[in-house]
Structures are given as structure tokens and as C-alpha cells.
Amino acid sequence: MNGRVVAGGIVVSALLAGAAIYWLQIYAFYEPVAFTPGEEIRLTPIIGEEPEVIVANDVTGIDADSSPLRFRACFTTPLTQAMLTETYRVYDEATPLVAPGWFDCFDAGQIDAALKTGEAIAFLSEAEVADGVDRVVAVFADGRGYAWHQLNPEEE
């Protein structure tokens with residue numbers, strides 16, 4: 001009888017710990033990003049080092065203080081891929097990181113596949129937003145845009 005109580009206590013404790021870890025990883029630390037109006041999305045020009053603001057509409061994003069890699073954002077832009085590639089730095093090693101399932105506008109698998117096929121083009125938004133981390137922006141031909149943080153090539 002005592003063995004069942006102890007085993008039951010261990011199982012309940014393990015389930016509670018698992019649920020807490022899951023909640024902490026998926027929900028706890030994320031907060032909506034408060035973008036400064038008119039400066040939501042910036043790209044680094046081919047000539048120059050200072051990122052410039054681009055036209056971005058319907059910008060929504062999340063971030064967490066627990067890691068610089070947790071930033072994600074979605075937006076739309078009227079700017080064409082042709083204009084963007086002539087003006088801003090293309091980011092060759094772009095690899096979108098998976099967002100929490102509840103942030104449903106950001107699908108890392110779809111963005112990654114589009115980058116590989118050329119349907120989307122990645123640009124350097126800002127270098128070194130944190131030590132060893134770059135902000136990357138991908139833009140589709142239809143104007144959908146996505147932003148995330150990833151380790152820069154020197155850190156990998």
C-alpha cells in the first residue's frame with residue numbers, strides 16, 4: 001500500500017513538472033513587441049552600415065528577455081523584391097527559427113522552403129542586435145514579410 005502512494009506521488013510530481021516546463025518554454029517568457037511607430041522594420045543598405053526604416057504595415061511581433069533568439073515578427077510591405085535587392089543587403093545564410101505554435105502568423109518551415117526556392121529573399125535587418133546575433137528579414141513576392149533573430153555566421 002505504501003509503495004503505491006509513493007509511486008503515485010512520483011508520477012503526479014513528474015506530470016506537474018512536465019506541464020510546468022512545457023508552459024515555461026512555450027508561453028511564459030514571450031511578450032508582444034512594442035514597435036516604435038514608423039520604425040517597425042529596418043534593413044541595412046548595400047552602401048552604409050546604419051539600418052534604414054522600410055514601409056511595413058500590420059506589424060506584429062513577440063520577444064523574450066530570456067534569449068535574444070526568441071524574437072519573431074510578421075508584417076506586409078508594398079516594396080517589391082526587385083527594389084529591395086537593389087537597395088539592401090541580401091542575407092545568404094538565413095535560417096528562420098521555429099516560433100511557438102500560438103504565434104500562428106510565423107511558419108518557419110514555409111519561410112525556409114520559400115528561401116530555398118527563391119520565392120522569398122532574406123535581407124540583413126540589423127547586425128549584432130545582441131552579441132553574435134543578427135536580425136534577419138525575409139520578404140515574399142506578394143509583400144508578406146517575416147523577421148527573426150539568428151546566430152550570425154561567425155558565431156556558428
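**Disulfide and sheet in a predicted model**

Cys74 and Cys105 form a disulfide, with their sulfur atoms 2.1 Å apart. The model is predicted.

Q: How many disulfides are there?
A: The cut-off is a pair of cysteine sulfur atoms within 2.5 Å. Cys74 and Cys105 meet it, at 2.1 Å. The count by this rule is one.

Q: Which hand does the link of Cys74 and Cys105 have?
A: The angle about the S-S bond is 85 degrees. That makes the link of Cys74 and Cys105 right-handed.

Q: How many residues apart in sequence are the parts that this pair ties together?
A: Cys74 sits in strand β5, residues 72-76. Cys105 sits in the loop between α2 (81-87) and α3 (108-117), so the tied parts lie apart in sequence by 31 residues.

Q: Is Cys105 buried, partly exposed or exposed?
A: Buried means under 20% relative accessible area, and exposed means over 50%. Cys74, at 6%, is buried. Cys105 has 29%, so it counts as partly exposed.

Q: Which strands stand at the edges of the sheet?
A: Six strands form an open, antiparallel sheet in the order β1-β4-β5-β8-β7-β6. An edge strand here has a single partner, so one side is left without a neighbour in the sheet. The edges are β1 (31-32) and β6 (120-130).

Q: Which residue in β7 is the bridge partner of Ile121?
A: β6 pairs with β7 (residues 133-140) in the antiparallel sense, over seven bridges. Ile121 has its bridge partner in β7, and that residue is Val139.

Q: At what angle does α3 run to β7?
A: α3 lies across β6, β7 and β8 (144-151). Its angle to β7 is about 75 degrees.

Notes: Residues are numbered from 1 along each chain as its sequence is written. This is a predicted model: local features need pLDDT of at least 70, side-chain atom pairs count only at pLDDT 80 or more; totals for chains, interfaces and linings use all residues. Side-chain values use heavy atoms; hydrogens and water are left out. Helices (H or I, at least four residues) and strands (E, at least two) are DSSP runs, numbered from the N terminus. Buried means under 20% relative accessible area, exposed over 50%, partly exposed in between (1.4 Å probe, protein chains only). Two strands pair if DSSP finds at least two bridges between them. Contact means heavy atoms within 4.5 Å. Axes are lines fitted to C-alpha atoms, for helices over the stretch in contact, and angles run from 0 to 180 degrees between N-to-C directions.
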